[in-house]
Amino acid sequence: MGVLSLLLTLFVPLLGAIAVLFINKEQSKAIKSTAFVMSIVTFLLSLLLLPNFDSSNPTFQYVVNQLWIPSLDAGFRIGLDGMSLLLVLLTTFIMPIAIASSFSGIKKREKEYYAMLLILQFGMTGVFVALDTFLFYVFWELILIPMFFIIGVWGGKDKIYASIKFFLYTLVGSLLMLVAIIWIGLYAKDPAVYGKFTTDLVAIKGFIGSIPYDIQVWLFLAFAISFCIKVPLFPLHTWLPDAHVQAPTAGSVILAGVLLKMGTYGLIRFNLELFPLVSSHWATPIAWLSVIGIIYGALVAMVQTDVKKLVAYSSVSHLGFVVLGIFSMTVEGIQGAIIQMVNHGLSTPMLFLCVGVIYDRRHTREISEYGGIARVMPIYTVLFAIAMFASVGLPGLNGFVGEYLTLIGAFVSPVYNNTLFAILSATGVIFAAVYLLWMWQRVMFGTNDNPENQNLQDVTKQELWQMIPLVVFIVWIGVYPGTFLKFTEASTRALVGKIEAVNGISPRYNSLPTIQKASHQHKQSDHKSHNGADKHDNAHPSTDSKPHK
Amino acid sequence: MAELIYLVPLFPLIGFIFLGLFGKKIKSEALIGAIGSSMVGLSFLVTCGILFSMISSPVDQRSTIVRLFSWIQTGNFSVDIAYQVDQLSILFTMIITGVGTLIHIYSIGYMHGDRSFYRFFCYLNLFIFMMLNLVLANNLLLTFLGWEGVGLASFLLIGFWYDRKFEGVSIIWTGDAAKKAFIVNRIGDFGVLLAMFLLFTTIGTLDYNQINAQASTLTPIMVTAIALLLFLGCTGKSAQIPLGVWLPDAMAGPTPVSALIHAATMVTSGIFLIARTSNLFAHSTTAMAVVTGIGITTALIAGTVGLVQNDIKKVLAYSTVSQLGFMFAALGVGGFTPGVFHVMTHAFFKALLFLGAGSVIHGMHEEQDIKKMGGLKKYMPKTYLTFLIGTIAISGIPPFAGFFSKDEILWYAWDKGSPVLWGVGVVAAFCTAFYMFRLFHLTFNGKERFDHHHVHPHESPATMTIPLMILAVASVLGGLLGVPYVLGFFISDHPNILDNWLSPIFASANETLQYHAHHEIHAIEYILMAISTGVALTAILLATKLYKNYSKEASSDESRNFLWKLLWNKYYVDELYQIKVRSTYVVSNSILWKIVDVLIIDGIVNSAARLVGIFAEIIRRVQTGFVQNYAIMMLLGILAIIGWLVIRY
C-alpha cells in the first residue's frame, strides 16, 4: 500500500495537470476546482504514506526499482526515508494552499497556470523521492520550466529579467551537477568498480568511496555549487530577491516553501551521503558562507522598503541556519536542519501569503504606504504576527526548535571545532527580531492616515482558511516537535555514524572546551582542510570525548 | 498536591485562548474582566493549596518535579516540559498569581470603555502563562520559553495603544517603544542562548538541579563565562546597565501593565534566574563581583535620574530600575534570600505605587506630568492614603515592608561586601526616599496646578481602589516575613521566616561561599540600621520642605545647569545607542545592499550574461541564412579535413 500511495502521490499531480489542460479555458471555475481537488487528493494520498512507514528503519522504504534506459542503467528508482517523507508531505501540504491563494489573484491564462503548478508539484515530489541520479536530474530540471513560466508570464513588472535570471542561475549549477553525474557513471564502467555505466544511487553509494580523493573533491564541489545556488547560499543568492518580488504570491509560496529545500535536501542526500570525508574537510568554508549569509541576509533585509523583498532576504538568513546545521555533521545539527527546512516551508509561505493579502488590496508593497493597518484589519494583524514571530524564532513556535538545534549542532560540531560559528550565527536571532518587528510595526501600528487604507477589508474567509492550517503546524512543531523529529532520527543517526566512521571524530560533549582551546584547534583544522592530505588518520584531540551513541 | 501544578499555568492559557478567539464577540466588559481575572484567581487558589501542603510536609519533601512531556529530543539533546515545585518557584508563583489577580481586577476599572477591552485581558493572561512557565520550569530551556514569552507579552502590551504617540529618543509611537523593548531584550537573550550551549557541551543537560549539582565540576573560566552570559540576559530582562534603556520607554503601555510586568513580576526574572542557578554563580567570584558592581551602579545611576523626572510613571520606572539594582547587588554578595525578599516586598509596594499612579492618571484624564498636578489629596483620598503607604514602604521606614528587605540588603553589603558598597547603597537609598516624596508631594499636596476648566479630578471606582487597599496592607505587613535576628531574637530563634523557608534552595550556594547562618548580635548592625533609617528620614524631610507647598507653574523652575541636563537626559545613553543603530543601518543600506548585492554580485552575474550576449552577437554573423555562404563553409571544411588527412599520412 505504501508503494502504491507513493506512486500516486507522485503521479496524481501530473494527471491533474493533463486533466486541467483538457478543460475549456472559458470554464474558469472548473479549472480551479479541478486543480484544487487534485492537490487535495494528492495530499490525502500522501498521508497514506504514514501508517506503514517504519521510522526506526534508517534505509529507504517503499522502494520501486524499474529499469528505464538500459544503456545508461538509468532506472525509475524511487523510495523514501524520513527526510524525503517530511519534504514530500510538506510539498503536498503547501500545494493546495498555493493553488487556493491564486484563485483571486490570477486572471489570465488560468488553464496554463494551474497546469504549470501541478507539473511543478510533480517535479518537486520527484526530486524528493528519486533514488537515481539521472531521474533526480530530470526532475530537477523539469522544475525550472514551470517556474520559469510562472514568474515570466504571471509575474510583476520586471518579470522577464527575474525569470531569465532565475533560469540561468540555476541552470549553471545543474549543468555542473550533470557533469558530475556523468563522470560517476563513466567511472562505474570500470569492471573493477561496477562493470557498467550506472545512475543507481544505491549502487553509487557502494563504490563512491573508491574514487580518488582529489576527484571526489571536484565531484563534491559540482554537486555543492548546484545545490548552494538553489538554497541559496551567500554569495549565490541574488536571483532570489528578484524571483520572489516578481513572482505571483503562489509562486513565492512554492519557491520559499518547497523549491529552496531542494537545495538543502540535495546537500544532505548527495554531498553528505556520498562524500562524507570531503564534506568534513570542506565544512568550514561552507560554514563561513552560511554565517555570512545569516548575518548579511538579515542586515540587508533590515533596510528593504518593499515587504516582499524583505521576506526574500530573510530567507537567505534562515536558510543559512539550515546549511550551518547540515555541515555541523552532528545529529542535533542535521535534525535541526531538517526540521528547520519544514519550519521555513511553513512560516515563510505564510509571510508571503500575508504580503499577498495587502498587495491584492492595494497593489503596493512599500512599507511607507501602510501604517495603522491593525485598526482596519485586526485578524490579518494577528495572522501576520504569528508568521512573523515564528520566523523570529520565538520559543513555542516552530522556528525556535529548528534554529536552536542547528545552533547546538554547530556549537558541538567536531568538524567545525570552533564555537565562533554558532556564536556569530546566534546574533542572527537578534537581527531577525530587528527587521521583522520593525517592518511589522511600521505596517500595523501607528495611526491609519493613508486615505486609501481606511477602508481595507480584513482577511476573507478564504484567505483565513489558507493560513489556519499553517498556524496549526507552526504551533504544533513549536510545542511538540517530537512528532516530526522522530521520522528522521534513525536515518540521521545512521548518516552521522557513517560520517564519524569515515573521519574518525565525534562531538565533544563533556570535553570542557575553553575559548582559547577551541580557536587553537580551529587553526589546526583549517590548515588541514587546505592541504587535505590526512584523510583517514585524524589529529583531533578527542581523547576526552565520549563516543556518540 | 504538587502534581496539580500544571493547573496553575493552564488556567491563564485557557483564558488567553478563549479571550483571543471569542473575546471580540463578548460585549460585556464585566464578563470579559471576570473571565480574565478568575483564571488568574484560580491559579492563585491552586498555588495556595500547594503552598499549604508544602508547609505541612517535611522540609526534605518540599521539592517535586512534575514532568508533563518530552519537548525537544534528538541526538544527545533532550529537554522536557517539566515543572519544578519547590520553595523558590512557589514563592514567585504566589507573587505572580496573587499580585496578578489584583491587577487584573484593577484593570476592569482602569480599562473601562477601551475599544479593545478583551484584547487587554487576553494579553494579560498570556503574560501570566508565560511568566509562570519561566519560574516553574525545571530546566533552562523552558525558562527561556517563558523568558521570550513574557517578552512577547510585554511587546504586545507596551504597544497596546498602538495608535498613540509616545515621547522618547527616536521614539514617536508606542509601537517604537514596544519594538525597542523586544529588541533590547533579544540582545540579552543572545547571552542566555550561548550560556545554554556552553552548559549543554559541558554538563550535557539544561536541568537546573544538574546545573547546580555539577557546577563544581566546571573549570573556573567556564563557570565565569556561563554565569556572565546568563547575567547578560538578566541585564536585559531586569533592565540593568547596559541594557536598561528599554524600561522607561516601556511606560508607553497602559499603567496596569507597568505595574504587573514592568515592576512586580517580569523585570524580576533576572533575579529569579540567578537565584535558580545560585550555586553556579557562587562558583565564580568574578561573576558575583560583576553582578554586585552592575547592580549597585545601576541602583545609583537610576536613582539620580529619578530625582529630576516629571512624568509620574517615569519616576516610578527609574525607581524600579534602581530597586532591581539593589536586588542584584544583594545577590552578588551572596545575599540570595535578601534579594528574593526584596523582590517580594518590592512587588507589593511598587505594584501599589504604579496602580496608585494609574488611579491618579485615570482621575486626571490621562495627565502624567506631576508639574501639572498638586492638591489631589482632597479629590482622591483613598488613592492618597494608599500611595502614602507605598511611598513610606519604598523609602525604608520601619516597620513597613521595604525597611526589612532593604536593610537586610544593606547589612549584607556591609558584612559580605565592603563599607564602600554599603555607602553607595545608602546614597541610592537617600535618592529613593527623596524622589519618592518629591513625587508624592507634587502629586497630592501643594497648589492645584491643573486647569480646572478641563480637568476634574475624581476618585477611582471600587475595582481600582480595593486592589490598592489590599496591596497597601501587604506593603505594611509583608516585611514581617523577613524579620532579622537582631530585631526578632526575643520572639524565636528563627524569626526570619523567609530565610528558613528558602534555606534548602540556597544551601549548596551558601556552602560554596562558606556562609553560615549567624545567630549572634552585632552592635554594628543596630548602628547601620539607625544610620540608614536616619538617612531616609533626612531625605523625606528635605523633600517635604522643598515640595510640600510647591506652587510654581510648570517649566518655570529648576536652574537648568549641566548636571540637571545630564540627569534629565538620562546620561545621554539613548543617544549613544541611537548613533550605533543609525550607523548599522547606513552600512547595511549603502554598503551591503547597494554595493555588495546590487553592484558587485549582480554586476558580475549580469555582465557574465551580457558577455555571452556580446559573444553570441559575433557568432550570430556566421549564421547569415544565405545558402551560398553555408556551401562555401562546407567546402572549406571538407578541404581542411582532406588537408589534415594528407598531412597526417
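Select Thr174(B) and show what surrounds it: apart from neighbours within four places in sequence, Thr174(B) is in contact with Ile158(B), Gly159(B), Trp161(B), Tyr162(B), Arg164(B), Phe166(B) and Ala252(B). Two residues are in contact if their C-beta atoms, placed from the backbone, lie within 7 Å. The model is predicted, so local features need pLDDT of at least 70 and side-chain atom pairs count only at pLDDT 80 or more, while totals for chains, interfaces and linings use all residues. Residues are numbered from 1 along each chain as its sequence is written, and chains are lettered from A and ligands numbered from 1 in the order in which they are written.

Is Thr174(B) buried or exposed? Thr174(B) counts as buried, because it has 27 C-beta neighbours inside 10 Å. A residue is buried with 20 or more other C-beta atoms within 10 Å of its own, exposed with 12 or fewer, and partly exposed in between. Thr174(B) belongs to helix H6 of chain B; helices (H or I, at least four residues) and strands (E, at least two) are DSSP runs, numbered from the N terminus.

**Chain B as a whole**

Along the principal axes, its C-alpha atoms fill a box of roughly 125 × 65 × 55 Å. Chain B has 649 residues, and 55% of them count as buried. Of the contacts in chain B between residues at least 6 apart in sequence, 81% join residues at least 24 apart.

Next, colour residues 303-568 and residues 577-648 of chain B. These are domain 1 and domain 2, with bounds from an automatic or database domain assignment. Taken over C-alpha atoms, the centres of the two domains of chain B are 74 Å apart.

**Where chain B touches chain A**

Bring chain A back. The contact takes 50 residues from chain A and 43 residues from chain B. On the chain B side, strand S1 (64-74), helix H5 (140-158), helix H6 (174-202), helix H8 (220-237) and helix H24 (573-620) each supply at least two residues. Which of them gives the largest share? H6(B) does, with 13 residues. By class, the chain B side divides into 23 nonpolar, 14 polar and six charged residues. Here Ala, Val, Leu, Ile, Met, Phe, Trp, Tyr, Cys and Pro count as nonpolar, Asp, Glu, Lys and Arg as charged, and the others, Gly among them, as polar.

**An enclosed helix**

Select residues 255-264 of chain B, which form helix H10. Ten of its ten residues are buried, so H10(B) is largely enclosed by the rest of the structure. The buried residues include Thr255(B), Pro256(B), His262(B) and Ala264(B). Among the elements of chain B that cover them are helix H3 (87-110), helix H4 (117-136), helix H14 (312-332) and helix H15 (336-363).

**Two helix pairs**

Show H4(B) and H5(B) together. Their axes come within 7 Å and cross at roughly 155 degrees. That angle makes H4(B) roughly antiparallel to H5(B). Axes are lines fitted to C-alpha atoms, for helices over the stretch in contact, and angles run from 0 to 180 degrees between N-to-C directions. Angles under 35 degrees count as roughly parallel, over 145 as roughly antiparallel, 65 to 115 as roughly perpendicular and the rest as oblique. Among the residues that meet are Phe127(B) and Met130(B) from H4(B), and Trp147(B) and Val150(B) from H5(B). This contact has 13 nonpolar, four polar and no charged residues.

Move to chain A and select helix H6 (residues 159-189) and helix H9 (residues 239-246). Their axes come within 9 Å and cross at roughly 135 degrees; H6(A) and H9(A) are therefore oblique to each other. The meeting residues include Lys159(A), Phe166(A) and Tyr169(A) in H6(A), and Trp239(A) and Asp242(A) in H9(A). Their contact divides into six nonpolar, one polar and three charged residues.

**Backbone details in the loops**

Most residues other than glycine have a negative phi, and most peptide bonds are trans. Select Pro232(A), in the loop between helix H8 (213-230) and H9 of chain A. A cis peptide bond joins it to Val231(A), with omega about -10 degrees. In chain B, Pro242(B) is in the loop between H8 and H9, and the peptide bond from Ile241(B) to Pro242(B) is cis, with omega near 5 degrees.

Asn417(A) has a positive phi of about 50 degrees and lies in the loop between helix H16 (398-412) and helix H17 (420-444) of chain A. Asn417(A) counts as buried, with 26 C-beta neighbours inside 10 Å. Tyr572(B) has a positive phi of about 60 degrees and sits in the loop between helix H23 (562-568) and H24 of chain B. Tyr572(B) is exposed, with 12 other C-beta atoms within 10 Å.
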